[in-house]
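Welcome, and please load the model in your viewer.

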Amino acid sequence: MPSAREQRPQLNRARRHFLGLAAATGGRIAAMGTLALTTFFPSSTAQAQAAKPGNGPKPGKPPGNNPAQGPRCLLRGTSIMTPTGEVRIEDLRIGDLVETVRGEAHAIKWIGRDLYRRSGGTWSDSVVPIRICRHALDEHTPHRDLYLSPGHALFIDGVLIRVQDLINGASIAPALPQDQHEIEYFHILLDTHEVILAEGTPVETFLLEAGNHEDFTNFAEFARLYPRPQPAMTPFAPIVGYGGRAHLKALLRLAAGRFARERGPIEQAYERIAARA
């Protein structure tokens, strides 16, 4: 049996791990609370602070600043792996090849863009990207800070998990790379729904569904290139997630330690990443 002196370091390590996980969970709950409130109760001020230039809300749709509404995806400056090396996403063009996790290179069919300009002193929370800090996922991934919109999915443990479901308030949290007056997102469309490498991190490409290309600022370009209806895509892998109030309830269960007997892929990934944070 270990002596009291030998047990003390083990207890201290366990205590630090528990306190770190509890702090990360608290930060995650606070951050996701803000996102959820914006999702369900968008204020007129928030809507006014994040306006798309040249395109107002589409008829029959809520204003385009809802994190649950449609893709935004990868922030300008994000490096994407191609057969010739990494290329900034804003420098890619239709027809360029990108590497996929299948080990195959696919040609870009279209690149969706979303541009937001700040009209007030602060950004709306619904537009601010989620930052995955360097080496947040493992010792090598991502190899540089990665910025994604809340609904963009990462490929982890064989499933697609939206980054908003991995927020821990430390290594994964809402953030901007610097003070700026514009936020521009890009999304890559291939012939099929695939997983590519952004800053070395496996992330999804655009999952084309009925009419969802209209969520982008340059939707008219897509209509010119592909005037006929395009078939909906099959997801690359199962998509798991909470979303909205269900996500907040799951976070409260996690904080209460009730995931011990009901840990799914999100909880497993979250706990592993939070422990690194």
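Helices (H or I, at least four residues) and strands (E, at least two) are DSSP runs, numbered from the N terminus. Keep in mind that this is a predicted model.

**First stop: a loop**

Select Ala232, which sits in the loop between helix H3 (219-225) and strand S16 (239-240). Is Ala232 buried or exposed? Ala232 counts as exposed because its relative accessibility is 59%, and the cut-off for that class is over 50%. Leaving aside neighbours within four places in sequence, Ala232 is in contact with Leu208 and Glu209.

**Next stop: the core**

Show Ile80, Ile132 and Ile172, the residues with the most contacts inside the largest nonpolar core, which has 33 residues. Elements giving two or more residues to this core include strand S8 (130-132), strand S14 (195-198) and helix H5 (265-276). H5 gives the most, with five residues. Zoom in on Ile132: beyond its neighbours within four places in sequence, its contacts include Leu137, Leu146, Val163 and Ile172.

**Last stop: a pocket**

Turn to the second largest pocket, with about 270 Å³ of space. Of its 15 lining residues, select Leu75, Arg76, Gly77, Thr78 and Pro177, which lie nearest its centre. Then colour strand S13 (residues 182-189), which gives the most to this lining, with three residues. How many lining residues of each class are there? The lining has seven charged, four polar and four nonpolar residues.

Conventions:
Residues are numbered from 1 along each chain as its sequence is written. This is a predicted model: local features need pLDDT of at least 70, side-chain atom pairs count only at pLDDT 80 or more; totals for chains, interfaces and linings use all residues. Side-chain values use heavy atoms; hydrogens and water are left out. On a 1 Å grid over the protein atoms alone, a cavity is a set of points where a 1.4 Å probe fits but cannot get out, and a pocket is an open set with protein on both sides within 12 Å along at least five of seven lines; lining residues have an atom within 4 Å of a point. Grid points are joined across faces, edges and corners, and a volume is the space filled by probe spheres set on the points. Ala, Val, Leu, Ile, Met, Phe, Trp, Tyr, Cys and Pro count as nonpolar, Asp, Glu, Lys and Arg as charged, and the others, Gly among them, as polar. A nonpolar core is a set of buried Ala, Val, Leu, Ile, Met, Phe, Trp, Tyr and Cys residues joined through side-chain atoms within 4.5 Å. Buried means under 20% relative accessible area, exposed over 50%, partly exposed in between (1.4 Å probe, protein chains only). Contact means heavy atoms within 4.5 Å.
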